[in-house]
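I opened this notebook to keep track of what I looked up. The entries follow the order in which I checked things.

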Amino acid sequence: MDAIVKRIIKQVKKGDHNAFGEIVELYKDKVYHISYRMLGNKQEAEDVAQEAFIRAFTNIDRFEINRKFSTWLYRIATNLAIDRLRKKRPDYYLDAEIAGTEGLTMYSQLAANEELPDEKVVSIETQQGIQQEILNLPPKYRSAIILKYIQELSLKEISEILELPVATVKTRIHRGREALRKRLRNG
Amino acid sequence: MKCEKEAVLLMHKVLDQEATATEKLQLNYHLKSCADCRDYFEELREAESFLQSAPEVRAPNGFTSKVMAQLPAEKKTVRFKR
């Protein structure tokens with residue numbers, strides 16, 4: 001996989017647009033998944049994921065070929081998602097009623113089930129429950145938790161993506177786990 | 001729960017797969033005698049499996065073509081080199 005990616009990146013660096021399409025195909029689901037878990041909203045997740053690939057393309061000259069491409073790409077995506085969260089209003093709650101609607105909350109707007117495989121192992125309710133719990137985590141714990149448990153990356157890789165020391169990543173994962181433990185306990 | 005702080009640190013170490021064999025034994029030994037810590041550890045593990053049960057999410061249809069349509073035009077210098 002790494003050798004293939006390296007070959008494609010070299011073509012992209014030479015200015016081959018089409019080769020970049022292969023990169024997008026390879027990583028689109030992972031990048032979209034990170035964005036979706038960070039933001040909890042399909043439209044925003046798509047915007048951020050697309051933007052991440054466009055930035056990767058325009059900055060490809062800055063990417064060192066001997067580094068791991070996915071680390072670099074996930075860093076771009078995570079940073080864009082965090083920027084997006086910063087710009088959001090802090091009083092944005094999913095269970096708040098939408099103005100001008102009767103009893104309609106943002107929960108009902110989350111049509112996350114469409115992308116699920118036919119075989120629904122997890123019920124929609126649980127699926128929304130997970131997303132809601134992830135969104136309840138402060139963004140700095142959230143990114144670490146997503147990379148660790150959703151993307152199943154190593155602590156070292158997470159530290160490279162977030163550009164933080166491994167010890168800090170560990171602390172954030174511990175705190176994220178603790179926050180979730182407390183919430184699940186009360187729920 | 002005097003033991004909690006130290007035991008909890010150990011729990012996280014075990015969950016991060018960074019505990020030594022001795023530390024694992026130490027935790028197991030402690031959990032056998034301390035029901036509070038046993039519950040605590042169980043809750044942490046539940047939090048983990050809860051996260052791990054999050055289903056895969058896929059990029060929407062047409063994602064790649066949308067990205068490709070937004071890429072900046074090729075640089076002149078590149079075209080010249082060909």
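My entries on the two chains follow.

**Ground rules.** I am working with a predicted model, in which local features need pLDDT of at least 70 and side-chain atom pairs count only at pLDDT 80 or more, while totals for chains, interfaces and linings use all residues. Residues are numbered from 1 along each chain as its sequence is written, and chains are lettered from A and ligands numbered from 1 in the order in which they are written.

**Chain A, overview.** I looked up the elements and found nine helices and zero strands in chain A. Helices (H or I, at least four residues) and strands (E, at least two) are DSSP runs, numbered from the N terminus. I then checked burial: 34% of the 187 residues of chain A count as buried. A residue is buried if 20 or more other C-beta atoms lie within 10 Å of its own, exposed if 12 or fewer, and partly exposed in between, with C-beta atoms placed from the backbone. Among the contacts in chain A with a separation of 6 or more, 54% join residues 24 or more positions apart. Two residues are in contact if their C-beta atoms, placed from the backbone, lie within 7 Å.

**A record for chain A.** UniProt, in an unreviewed entry, lists residues 130-180 of chain A as "domain: RNA polymerase sigma factor 70 region 4 type". UniProt positions are given in the numbering used here, feature names are shortened, and annotations may be inferred rather than shown by experiment. I looked at that span in the model: it is 82% helix and 0% strand, and its end C-alpha atoms lie 10 Å apart.

**A helix pair in chain A.** I took α3(A) and α4 (residues 69-87) of chain A, which pack at about 135° with their axes 9 Å apart. Axes are lines fitted to C-alpha atoms, for helices over the stretch in contact, and angles run from 0 to 180 degrees between N-to-C directions. That angle makes α3(A) oblique to α4(A). Angles under 35 degrees count as roughly parallel, over 145 as roughly antiparallel, 65 to 115 as roughly perpendicular and the rest as oblique. The residues in this contact include Val48(A) and Ala52(A) of α3(A), and Leu73(A) and Leu80(A) of α4(A). By type, I noted nine nonpolar, no polar and four charged residues there. Ala, Val, Leu, Ile, Met, Phe, Trp, Tyr, Cys and Pro count as nonpolar, Asp, Glu, Lys and Arg as charged, and the others, Gly among them, as polar.

**Chain B.** Chain B has five helices and zero strands. Of its 82 residues, 17% are buried. The axes of α1 (residues 4-15) and α2 (residues 21-33) of chain B come within 10 Å and cross at roughly 125°, which makes α1(B) oblique to α2(B). In this contact I counted five nonpolar, two polar and three charged residues.

**Where the chains meet.** I found 35 residues of chain A in contact with 29 residues of chain B. On the chain A side, α2(A) gives the most, with 10 residues. That side divides into 18 nonpolar, eight polar and nine charged residues.

**One residue.** Which residues does Asp16(B) touch? Leaving out residues up to four places away in sequence, Asp16(B) touches Leu155(A) and Lys170(A). Asp16(B) sits in the loop between α1 and α2 of chain B. I logged Asp16(B) as partly exposed because 15 other C-beta atoms lie within 10 Å.
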